[in-house]
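Visitor: I have a structure open and would like to talk it through with someone. Could you take my questions as they come?

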Amino acid sequence: MLKKFVVVIIVVILAVICAVAAPWQHWNISIFSFLGVAPPTELARLQVTSLAGELEILVDGQTKGSVGPEGSPFIIEDIEPGQRLVKLVRVTETDGAYTSFERLLNFNQDIDTVIAYELGPTEEFSEGTVITAFRSFSNDQRTTLNIETSPGDVKASLNGQDIGLTNLEGIEIDISNIARIKLEKQGYETIELNLLPEDSVQREKLKGYEIQLEANLFLIPIRIGE
Amino acid sequence: MNKVAQTKIKYSTAYPTSVVVGGLDRFGYEIAKSLTQQGGFVIIIDNLDKQLDFAGFAELNNVAFIDYLGIGDLIDSVRRLDYIFYLNHQSPLSQSELSSQDFLAASSYLNQLLNLAAEFEALFLLTNSIKYHRLSSIENVNPGLYQSQRWFSAVEFVRYSENLALEYKQAKGIEVKILRLGEIIGEAIELDKNTNIGKLVLQGISGEDLYLEEDGLNSEYYVHLLDAVYGVIKAQFTKGTEDIIYNVAYKEPYTELSLAYKLQELEPQAGNIKFLEDENPSVRLGQPKYLPAPNLERIGWRPKVEFEQALLQTIAFSKSLIKSKSAASYDEDEPVSLGSAEAVSYGPQGMKNGALSRLIEERKLNASSQRQKFNQSLASSELKKRKTSFGAKLRKGVVRRIDKIKKQLDFLQNVTLTEMGIYLLLVSIFMLVFFTILSPVVIISRDILLARANTVALNESRQSSNWEDVLGRSALLKNNLKSLEETLTGADILVSLTGQQQLRQEMLGFAQSYQFLADSISSYGSAMKALEDYQNEVRTEIVPRLTNSSVLSLGDSQQGTSGETQDTSVDQQDPGQLFATAQSNLDLAQRSFRNYQRLSEKLNPQIMPQFIQTLFGDINSSLNTLPDSLSQANFVISYLKLSSSDSHNQAIIITDELRPNSSAGEVVGVGLVSYSKGRITGVSLAPVQNIAFAATSLTDGENLEVTRLSGLQIDRVNPNVAEVSRYLLSDSNRDGFWGRVLTSTYNKSIDSIWYINSGSLTSLLAKYPDLQINNQVLTSTGYLQTISGLQAESLNSRNTLITNTFALVLEKLLGKDNSTPVGRFGIVKSEIDNGRMKLDNATSTKIGLDKSAPEVKIGIISVDPGRYVLRPVVAAGITNEIATNNSVFSTVTADFSGSSGARQAFICVDRTASDLSPAGLGIELYRVANLEQYNCVIILTSQVEKLGISYRKNMQASEYTQSIALASGVTLRYDVETKFSPGVDLGGIESLPQARVSGAGLFYTGETQGKFKFSVKVKEKNE
């Protein structure tokens, strides 16, 4: 009887240890790989468009490729969801000729992260947009937009309607259309872009997501001698 | 009579090898014959001195004979052993009394063989007789019955042998079978054992009457020799039997009486049946019933010789045996061949007359000889440990474990299909519950607890500036949160069962927000590490030299002959790269923190369980310092970035807040710090009286302002720097003046100016409490009082003292120090935030300044020499009359009685104002200075304490904005009354807290420093 009791206790302790350690969380077992079938996609994608020059793309320190304006967009499909450090470096023979772009971006398996950038000699003379998405943890299925710009106080409009000066948060967007965004500020070049995909099925996936648009406006240099 | 001799055996592993102990008799012969016919090799161990009644062994091949004494060799030499037959049913040891020594020897011998079986994993079969086993259940040994020595009865050894065999089975896992044989009849009957059947057969064949004991109802089990042999072989070779102990006998016992009747039938010579009277009749009542073991028929054995046939053979064999014993004569020299051995028989010694007697005598001799052999065997041989290879041991160990497991799972054989199904179902349900409910709950709890612990540790590491630990802890925290997120995402069943969808959403949000936090702190840590690397690389030794013309200079080890720094070490890391790394990481940190804040704001912590709220509540409050840390770090990096260029010259201007003037206070000290790629390449600091004006002459604007405000004649070519700076009211004039002074003094272009007010000494001396001048410790409060008390000293002494103090402070801020860059420059940022310091790019564009010129400037223009103004307070009454023609007539009356020590005070109004006139003052008490931007009215406070000025201004689009700027350090207590002329009314108030509106107008009072501004909208009054 005592032996059985001890055995039961040992089994319970082992079960608790297994529950706490949960080694199966780290097992990478896929029935699809056993069957030799391609597993369903659980990776996220990054789209990079170079607006000028060739950009080398690094994700978490690893070079993933390079892209120029002609080959854009460059799509990287093997990015694990979560926070990843993305760095863009403009290819040049002169060290320090161009500034670099470095961001911690959030990747979701269902939604592409999109970067379109031109890297100039400094950040003020660089231009581009970064679009990422976060799953919203509110109960409603609204899709909202946050806009962050450099410089600040940029006039933003959505589908032709003025929505205020950046930085803006929590702007509800209607995913039934492509959501045209315009960012303008005196002394800087205007940025216009379509925020959402053209395919309505793709747009449906954005329900309940928070879209983050980060834009860097290009400072128009002062004309001298005019 | 035959004997056999010991054979020298060449052991091999080619044949299945069997050992038959006590097999040197007919029974053993039959077993050996059967085994050899099946291709086996048989080793018979017995007393080789035993007299044999038949010569069959000579016909057998592959049989070896070993005496008991040769057991040691067997153990040493045998390489294969598959079966052991221990024939104890006819052994003399089990049929007579044994001394304790004999018992020990016999048991030791049995022990050895059982060990051998365990060694070779051989199958062990033990035979005993049913008769003696039955006796063992009803017979008790009476110790002490036979003199002093303990004697064991025959049945005790039977019991002992079976128990020992079973113990070995239990302990060592050897396959053991125990067969209890009935009395052997047929050609192996032992007529000398005085058995019932033996006696009856002898009586019968002798023609005597058949005498039965008692009532003749004592029964016995019997088995034919060949059936017994067949049963033994079958039992040994049948594996996995349900039982271990079997009876080998005819199913039912036969009574004496039935035997007698049978004999009478089969043997014509047999006499009548007679009953012997028992002198000590046994009491049958109350005797325990003997439960026989299961019959071997259970495993398919069947006796093939009918009992009657067996009895006939017994009778025939008995007759031949008696005949041979009676006519026995031996040829002592005739060899008897036995296999490859030769044996020499010998004649019996001491044999009595009579066949039976002879048999009994032979038996006694055999028993005695066997006992002796056992005793010798015990003394001479020990079970030697065989050397087995590691592979063999491993294999044996594995097989043993598997067998053990198999035996433990034997119960499954009794489990029905339904029960198996139920067990599988229960196991499946348990696994489902475990993986879908229990495990997720435990994992979630684990991750929350770990996340909390890591967050606390992370925050502590951040606050103690342990950046290596920060990076490690943040990674751990992220792992915890990632695991939490994954577990929550996959816990659909748990969430469905508990209905806690909302809680899961909240916790997912919590997990993600804290991941951002972890990223933020991690990036912050990386940035700080880069700054620390910079610090370790480029820190410069700076030395205060308070008696020199420059009270601050580079350390001797870093000065070259030209006074410039030497490259004393090779740059291991490019400071520019370090700053870039720090800046980019700080950007990441700030973005991540914004994401954390944004997500956190959307969470509803009330939904989460109380223990989680408690766990993380205190952490959240401590994280509130992170934005300040990030902001400080941002400032530090911005500041240090200035120094990272190839060349950067930063001027230092130290002002005295206790001597306010039209700007930030009178300048007491001036200096320069030169940077190149992060290193300080030059430093200089001196009291202002030691600075010569080496620039070109004052500009017209500067001259105008100085002369008009001071009323003094200034030497434009070689002015007194301190005096000129005192009277420069406008920012542009002041900055331009100092820019030229510094450039000419240090012969370098000035890239930035660092304004430091003496008020910052409160916090600076608190941060560096060990500073001393002339062995006097400079405590923050006491020292400032000391400075304030120097009223009898000259201004120059005061300037020198303040400048020297800042030399000591700047040595800490800029020189080699163990504190971190944020620790050092963080205080600069807080002083800038508090207005006691300012960092400006030395260009026409000022960072952070309000470029719009205030309408009115009020302040103290100069201080009595040797006197200091403590906390100057100006009370101003302002009345505004708003007229219908969109113009405002304002009167500003300032009371300077609260600013003792002030020498000249002023009110300036911008030049767009018209109808300017001092209010209520005689013309001799004031003077007007018309500057480029302002018209200023100046009084001597020793003559007049109050100064008023009135003026008219036009409104812009029915809105009037009044702005008043105060000189640095001046506190303004204002009382504003705005009246509306008939026809106009108040349209709206902008940014005016605490304003009162009444029928008479708009009233607004308060106290401020710096700038004061209010706006009011006016509309036409509706009739």
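Guide: What follows is a conversation about this model, which is a predicted one.

Visitor: Let's begin with chain B as a whole: how many helices and strands does the secondary structure come to?
Guide: Chain B comes to 25 helices and 40 strands.

Visitor: And what share of its residues is buried?
Guide: Of the 1023 residues in chain B, 51% are buried. The chain exposes about 47100 Å², and carbon and sulfur atoms supply 49% of that area.

Visitor: What about contacts in chain B, how many join residues at least 24 apart?
Guide: If one takes the contacts between residues at least 6 apart in sequence, 78% of them join residues at least 24 apart.

Visitor: Now strand β22 in chain B, why is it called largely enclosed?
Guide: Strand β22, residues 679-687 of chain B, has 9 of its 9 residues buried, so it is largely enclosed by the rest of the structure. Strand β21 of chain B, residues 666-676, pairs with β22(B) in the antiparallel sense over 8 bridges, and within that pairing Tyr675(B) stands opposite Ile680(B).

Visitor: Which residue takes a positive phi in that hairpin?
Guide: That is Lys677(B), with a positive phi near 50°, in a hairpin that has 2 residues between the strands β21(B) and β22(B).

Visitor: Switching to aromatics, how many pairs are there over all chains?
Guide: The count comes to 20 aromatic pairs over all chains. One of them joins Phe434(B) and Phe435(B) edge-to-face, at 5.2 Å centre to centre and with 85° between the planes.

Visitor: Is Phe434(B) buried or exposed?
Guide: Phe434(B) counts as buried because its relative accessibility is 7%, under the 20% cut-off, whereas Phe435(B), at 37%, counts as partly exposed.

Visitor: What sort of pair do Tyr514(B) and Tyr596(B) form?
Guide: Tyr514(B) and Tyr596(B) form an edge-to-face pair, with 5.9 Å centre to centre and 90° between the planes. Tyr514(B) lies in helix α15 (residues 501-538) of chain B and Tyr596(B) in helix α16 (residues 575-602) of chain B, so the pair ties together parts that are 82 residues apart in sequence. As for burial, Tyr514(B) counts as buried at 3% relative accessibility, and Tyr596(B) counts as buried at 7%.

Visitor: Which residues do ring pairs link into a cluster?
Guide: The cluster linked by ring pairs consists of Tyr222(B), Tyr250(B), Tyr254(B) and Phe307(B).

Visitor: And where does the charged end of Lys304(B) sit?
Guide: The charged end of Lys304(B) sits over the ring of Tyr230(B), 4.3 Å from the ring centre. In chain A, the charged end of Arg90(A) sits over the ring of Tyr98(A), 4.2 Å from the ring centre.

Visitor: Staying with chain A, what is the strand order in its open sheet of 4 strands?
Guide: The order in that sheet of chain A is β11-β10-β13-β14, with antiparallel pairing. Strands β11 (161-165) and β14 (191-194) of chain A stand at the edges with a single partner strand each, so one side of each is left without a neighbour in the sheet. On average, and with direction ignored, neighbouring strands of this sheet are turned by 20° against each other.

Visitor: How many bridges join β10 to β13 there?
Guide: In chain A, 4 bridges join strand β10 (residues 155-158) to strand β13 (residues 180-184), and these two run antiparallel. Lys155(A) stands opposite Glu184(A) of β13(A).

Methods
Residues numbered from 1 in each chain as written. Chains lettered and ligands numbered in written order. Predicted model: local features only at pLDDT ≥ 70, side-chain atom pairs only at ≥ 80, totals over all residues. Heavy atoms only, no water. Pairing = 2+ DSSP bridges. Axes fitted to C-alpha atoms, helices over the stretch in contact; angles between N-to-C directions. Buried < 20%, exposed > 50% of the residue type's maximum accessible area, 1.4 Å probe, protein only. Contact = heavy atoms within 4.5 Å. Areas by Shrake-Rupley, 256 points an atom, 1.4 Å probe, with all protein chains shown as cover. Phe/Tyr/Trp six-rings, centres within 6.5 Å; stacked < 30°, edge-to-face > 60°. Lys NZ or Arg CZ within 6 Å of the ring centre and 35° of its normal.
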